[in-house]
Amino acid sequence: MVRVVIDREECISCKNCWTICPDVFEEDPDDTKSRIVEEYRNAGDPATGDVPSDLEACAIDAAAECPVEVIDVEE
Ligand code: SF4
């Protein structure tokens with residue numbers, strides 16, 4: 001299990017994270033910013049997820065491709 005945190009305020013909706021790792025990230029239709037998919041949200045918080053270890057690599061890849069570096073994967 002890894003903790004994934006998105007600083008949603010700073011997200012520029014570039015689509016990279018949910019394109020690279022749609023099992024973890026998705027577009028929030030209300031504000032077009034990235035959020036954690038419902039299944040992995042921590043206490044319903046769209047900005048914080050507890051993600052199974054088999055999705056760690058794709059979450060890290062998505063974080064690396066975020067142009068404004070607002071995704072944090074805590075190993
Ligand atoms: S990669 Fe970063 S800027 Fe792009 S949609 Fe995801 S969180 Fe937002």
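This is a predicted model: local features need pLDDT of at least 70, side-chain atom pairs count only at pLDDT 80 or more; totals for chains, interfaces and linings use all residues.
Four strands build an open sheet, and their order is S4-S5-S1-S6. The pairing is antiparallel. Strand S4 (41–42) and strand S6 (71–74) stand at the edges. Each has a single partner strand, so one side of each is left without a neighbour in the sheet. S1 and strand S5 (residues 45–51) run antiparallel and are joined by four bridges. Val2 stands opposite Val51 in S5. Helix H2 lies across S1, S5 and S6. The helix runs at about 145° to S6.

The core comes next. In soluble globular proteins, nonpolar side chains tend to be buried together. The largest nonpolar core of this model has 14 residues. Val24, Ala59, Ala62 and Ile71 have the most contacts inside this core. Two elements give two or more residues to the core: strand S1 (2–6) and helix H2 (56–64). H2 provides the largest share, three residues. Val24 shows the contacts in detail. Leaving aside residues up to four places away in sequence, Val24 touches Val4, Ile36, Val37, Tyr40 and Gly49, among others. Val51, Leu55, Cys58, Ala59 and Ala62 are also touched by Val24.

The ligand is surrounded by 14 residues. Cys11, Cys14, Asn16, Cys17 and Cys66 are the closest. By residue type, the shell divides into ten nonpolar, three polar and one charged.

Technical notes
Residues are numbered from 1 along each chain as its sequence is written. A residue is near a molecule or strand if its C-beta atom, placed from the backbone, lies within 6 Å of it. Ala, Val, Leu, Ile, Met, Phe, Trp, Tyr, Cys and Pro count as nonpolar, Asp, Glu, Lys and Arg as charged, and the others, Gly among them, as polar. A nonpolar core is a set of buried Ala, Val, Leu, Ile, Met, Phe, Trp, Tyr and Cys residues joined through C-beta atoms within 7 Å. A residue is buried if 20 or more other C-beta atoms lie within 10 Å of its own, exposed if 12 or fewer, and partly exposed in between; C-beta atoms are placed from the backbone. Two residues are in contact if their C-beta atoms, placed from the backbone, lie within 7 Å. Two strands pair if DSSP finds at least two bridges between them. Axes are lines fitted to C-alpha atoms, for helices over the stretch in contact, and angles run from 0 to 180 degrees between N-to-C directions.
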